[in-house]
Every structure is written in structure tokens, then in C-alpha cells.
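This report walks through selected local features of one protein model, with the criteria stated where each term is used. Please keep the sequence and the coordinates at hand while reading.

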Amino acid sequence: MKKQTSEHHANQALLSQLDQIAQGIGETFAPFCEVVVHDLLDPKHAILSIHNNLSGREVGAPATELGLARIADPEYPQVIANYANRFADGRRAKSTSVGIKDAQGRYVAALCLNIDLNLFSQMQSMLAQFCQTGNVEIRETLDPANAVAIREQIDKFATSRSRIPQALKASERRQLLNELKDGGYLEIRKAMSIIAEHIGVSRATLYNDVKP
């Protein structure tokens with residue numbers, strides 16, 4: 001009798017701590033993620049708590065098929081992650097279920113996460129709509145003086161020497177400037193300012209680099 005009482009208290013303490021974890025996860029990922037704590041020792045009233053309720057279920061509802069499978073088989077996988085699911089109203093969900101065992105290896109609880117994919121689909125649709133541009137063939141860049149082309153050449157030069165642009169030595173900067181000059185890049189308006197900013201030196205340093 002004492003052993004049963006002790007196990008009962010231990011399981012209640014475990015469920016209490018599990019509920020705290022569920023609350024923290026639910027608050028962190030609201031409003032996208034429902035977090036449910038199942039008491040598998042009471043399968044007819046398994047749902048102990050629901051945080052950020054998205055499924056419309058209630059505390060005291062019975063165990064799911066997954067919960068019953070764990071009760072029947074201690075060897076059932078303890079973690080089942082990212083499986084396709086649906087809420088009662090048909091909304092798509094992605095679920096993860098973590099079985100919790102006691103010291104004897106029995107499943108006594110489960111922590112389940114259900115993510116509402118419809119919310120993400122709506123956000124994806126809004127972002128896609130926001131990023132759409134018109135069909136008018138206008139070429140324009142907000143990057144002044146073709147700075148992108150200059151930066152790409154600098155990055156290519158630095159990568160060929162296994163460096164980042166900011167780590168180029170003075171001799172390498174001189175070689176870079178010669179290559180940019182040969183390619184006509186120094187003819188671009190504000191080229192020296194763009195180069196100096198990208199490699200992290202002053203324009204005065206660059207002008208010193210190009211001196212013979």
C-alpha cells in the first residue's frame with residue numbers, strides 16, 4: 001500500500017512539472033502551437049491540461065489513439081515528431097508527441113504539441129502577395145552607381161584568396177584595385193567610396209594603395 005501511495009505521489013509530481021513545461025512552451029509559441037498534457041494512468045479522462053487551446057478539446061477528454069497505443073505497449077516509440085494531423089474542424093496541423101515513462105518503464109504521461117499550419121499558410125500567402133511586383137518592364141536599382149557589381153568583384157577576389165574583404169592586406173588591396181581598374185569598375189561614379197566601405201578602410205587608405 002505504501003509503495004502504491006509513493007508511486008502515486010511521484011507520478012503526480014511528474015505531471016505537475018510536465019504541466020509547467022507545457023505552459024512555458026505554449027506561452028512561447030502562442031498563438032501557433034497547442035500544448036497538451038495527457039495523464040495516461042487515467043485514459044478515460046486523459047487530458048490533464050491544454051495550453052493555447054487550438055483544437056477545441058476540453059480538460060478531462062479521453063486519450064487519443066496514440067495515447068492508448070502507448071498504454072498498451074511500453075516499447076512504443078517515445079518520441080514521434082512532426083507527423084501530419086488535423087484539428088476537428090479540418091485545419092491542417094503538424095504534431096509531435098513525447099511519451100513520459102516512470103521509473104518502471106511504464107508510460108504514465110505524454111506531452112503533445114499541435115501546430116496550426118493554416119496560420120502559417122495565411123502568412124505565407126500574405127508575404128507572397130506583398131513581394132509581388134507589377135508586369136511593367138522597368139529596370140531600376142536603389143543601389144547607387146552599380147555598387148552591387150563592384151561588391152561582387154571584391155567578394156570574388158577575396159574568396160579566391162580564402163579571405164573576407166575586410167581581411168585583405170595592403171598588397172592584396174593594390175592588386176584588387178588594379179583588377180577593378182582593368183575591368184573598368186573604377187570609372188563607375190563613387191567607386192572608391194563603395195570599395196572603401198565594402199572592405200572596411202578609409203578612402204585615404206585606398207588612394208595611398210593606388211599610389212606608385
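Is K190 buried or exposed?

## Basis of the description

The model is predicted, and local features are reported only where pLDDT is at least 70, side-chain atom pairs only at pLDDT 80 or more, while totals for chains, interfaces and linings use all residues. Residues are numbered from 1 along each chain as its sequence is written, and side-chain values use heavy atoms, with hydrogens and water left out.

## Backbone exceptions

K190 is exposed, because its relative accessible area is 52%, where exposed means over 50%, buried under 20% and partly exposed in between (1.4 Å probe, protein chains only). K190 is located in the loop between α5 and α6 (191–199); helices (H or I, at least four residues) and strands (E, at least two) are DSSP runs numbered from the N terminus. Although K190 is not a glycine, its phi is positive, at about 65 degrees.

A positive phi, of about 60 degrees, is also found at N82, again not a glycine, and N82 belongs to strand β3. The peptide bond that runs from A30 to P31 is cis, with omega near 5 degrees, and P31 sits in the loop between α1 (2–29) and β1. As background, most residues other than glycine have a negative phi, and most peptide bonds are trans.

## Salt bridges

Four salt bridges are present in the structure, each defined as a side-chain nitrogen of Lys or Arg within 4 Å of a carboxyl oxygen of Asp or Glu. One of them joins the side chains of R57 and E34, with an N to O distance of 2.9 Å. This pair links distant parts of the chain, 23 residues apart, with R57 in the loop between β2 (47–51) and α2 and E34 in strand β1. R57 counts as partly exposed because its relative accessible area is 25%, whereas E34 is buried because its relative accessibility is 0%.

Another salt bridge pairs D116 with R91, whose closest N and O atoms are 2.9 Å apart. D116 is in strand β5 and R91 in the loop between β3 and β4, so the pair ties together parts that are 25 residues apart in sequence. With a relative accessible area of 4%, D116 is buried. R106 and D102 form a further salt bridge, in which the closest N and O atoms are 2.8 Å apart; R106 is partly exposed at 38% relative accessibility, while D102 is buried at 12%. Salt bridges with shared partners also join D89, R91 and D116 into one network.

## The largest pocket

The largest pocket has a volume of about 330 Å³. Of the 21 residues that line this pocket, R57, T64, Y83, N85 and N114 are the closest to its centre. The elements that contribute two or more residues to the lining are β1 (33–39), α2 (65–72), β3 (79–86), β4 (92–101) and β5 (107–116), and the largest share, four residues, comes from α2.

A pocket here is an open set of points on a 1 Å grid over the protein atoms alone, where a 1.4 Å probe fits, with protein on both sides within 12 Å along at least five of seven lines, and lining residues have an atom within 4 Å of a point. Grid points are joined across faces, edges and corners, and the volume is the space filled by probe spheres set on the points.

S49 is located in strand β2 and is buried, with a relative accessible area of 8%. Its side chain makes a polar contact of 2.5 Å with the side chain of D19 and another, of 3.5 Å, with the side chain of H51; a polar contact is a pair of N or O atoms within 3.5 Å, where, within protein, one must be able to donate a hydrogen and the other to accept it, and residues adjacent in sequence count only if both atoms are side-chain atoms. Leaving aside neighbours within four places in sequence, S49 is in contact (heavy atoms within 4.5 Å) with D19, V35, V36, V37 and V59.

R161 lies in the loop between α4 (147–160) and α5 (170–182) and is partly exposed, at 27% relative accessibility. A polar atom of the R161 side chain is 3.2 Å from the backbone oxygen of F157. Apart from neighbours within four places in sequence, R161 is in contact with E172, Q175 and E179.
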